[in-house]
Amino acid sequence: MSVVSMRELLEAGVHFGHQTRRWNPKMRRFIFTERGGIYIIDLQQTLQLLEEAHSFARNLAERGGSILFVGTKKQSQTAVEEQAKRVGMPYVNHRWLGGLLTNWRTISDRIDRLHELRRLKEEGQLELLPAKERISMLGELEKLEENLGGVADMKRQPDAMFIIDLRKEQLAVREARRLGLPVIAVVDTNSDPDEADYIIPGNDDAIRSCDLIVRVVADGIAAGQQKATPADFAPSESNGAAPQQEETVPEGDYEQVSPGEEQVSPGEEQVSPGEEPVAEEATQQAPQADAGATSEEVTSDG
């Protein structure tokens with residue numbers, strides 16, 4: 001079943017590109033036609049490539065990976081925040097701070113400061129400060145929330161990046177390229193598709209178009225997170241289903257014996273298969289021979 005229908009793409013206006021005088025020639029292969037001075041994007045390709053991006057996001061989520069959502073333009077801010085929160089992924093929807101990924105040590109210090117200010121506000125300690133200092137710290141908290149609130153819980157480098165507008169998010173694209181992160185991107189007719197690994201040709205300037213594409217990618221992540229893992233089917237110890245291992249060493253003073261061998265009592269020698277105990281057999285045959293000789297003497301005397 002398709003992750004999105006052609007009707008939904010049409011109703012959202014995904015097929016509308018930019019004006020013909022504002023285009024990137026590399027997008028020629030994704031353009032269907034031109035009408036009224038505006039390029040029309042081929043939705044057949046958009047549908048196929050959107051399904052590929054959906055599959056990539058699902059497979060990444062199945063392995064426990066994370067995708068950083070990036071969309072700082074007004075048309076995509078709300079969709080990026082809502083969908084990223086829905087699937088528990090980090091996001092940037094106001095301003096990309098330079099070095100957010102490549103200078104993680106400095107950014108992590110600012111994130112620690114954000115958590116500290118959050119704690120002070122929740123505990124009501126900011127209200128105990130003088131008015132000037134309290135206003136200053138509240139302003140700092142608001143600024144940190146705006147710039148780093150979406151990545152406050154990000155403990156490590158993301159495994160991929162989802163970008164709404166390649167032209168506007170050039171800083172994010174460069175950092176992703178430097179770190180070798182796969183890039184999923186909504187690419188309009190004025191963007192360079194070579195900057196993305198998973199291209200989604202579509203309108204990145206309409207709110208409904210951004211909402212639809214971001215939702216489809218988020219649905220792929222949600223599907224991967226809900227997939228059952230082998231650990232879900234492992235027998236629990238509380239049910240007694242876990243098999244107990246048998247002891248290989250028998251109790252007592254006996255030595256460990258390989259399967260098929262017999263225990264040897266103390267004082268007895270172990271004999272290999274096919275050999276016969278020579279000394280004991282000779283000792284047992286001697287009395288029998290003496291008994292036979294005595295019986296012959298008695299017969300002859302009689």
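**Figure 1. Confidence across the predicted model.** The pLDDT of the protein averages 81, and 75% of the residues score at least 70. Strand E6 (residues 160–163) has the highest confidence, at a mean of 95, whereas helix H8 (residues 278–301) has the lowest, at 46. Over residues 278–302 the pLDDT is below 50, and the model gives this stretch one contact beyond near neighbours in sequence.

**Figure 2. The buried and exposed sides of helix H6 (residues 170–179).** Ala-172, Val-173, Glu-175 and Ala-176 are buried in this helix. These residues lie on the same side of H6, because the arc they cover around the axis is only 165°. Arg-174 and Arg-178, on the other side of H6, are exposed.

**Figure 3. The surroundings of helix H6.** Strand E4 (67–70), E6 and strand E7 (183–187) are the elements against which the buried residues of H6 pack. Gly-180, which comes just after H6, adopts a positive phi of about 75°.

**Figure 4. An open sheet of three strands.** The strands are arranged in the order E1-E3-E2 and pair in antiparallel fashion. Strand E1 (16–19) and strand E2 (31–35) form the edges; each has a single partner strand, so one side of each lacks a neighbour in the sheet. From one strand to the next, the twist averages 30°.

**Figure 5. The pairing of E1 with strand E3 (residues 38–41).** These two strands run antiparallel and are joined by two bridges. Phe-16 has Ile-40 as its bridge partner in E3.

Terms used:
Residues are numbered from 1 along each chain as its sequence is written. This is a predicted model: local features need pLDDT of at least 70, side-chain atom pairs count only at pLDDT 80 or more; totals for chains, interfaces and linings use all residues. Side-chain values use heavy atoms; hydrogens and water are left out. pLDDT is the predictor's confidence in each residue, from 0 to 100. Helices (H or I, at least four residues) and strands (E, at least two) are DSSP runs, numbered from the N terminus. Contact means heavy atoms within 4.5 Å. Buried means under 20% relative accessible area, exposed over 50%, partly exposed in between (1.4 Å probe, protein chains only). The arc is that of the directions from the helix axis to the C-beta atoms. Two strands pair if DSSP finds at least two bridges between them. Axes are lines fitted to C-alpha atoms, for helices over the stretch in contact, and angles run from 0 to 180 degrees between N-to-C directions.
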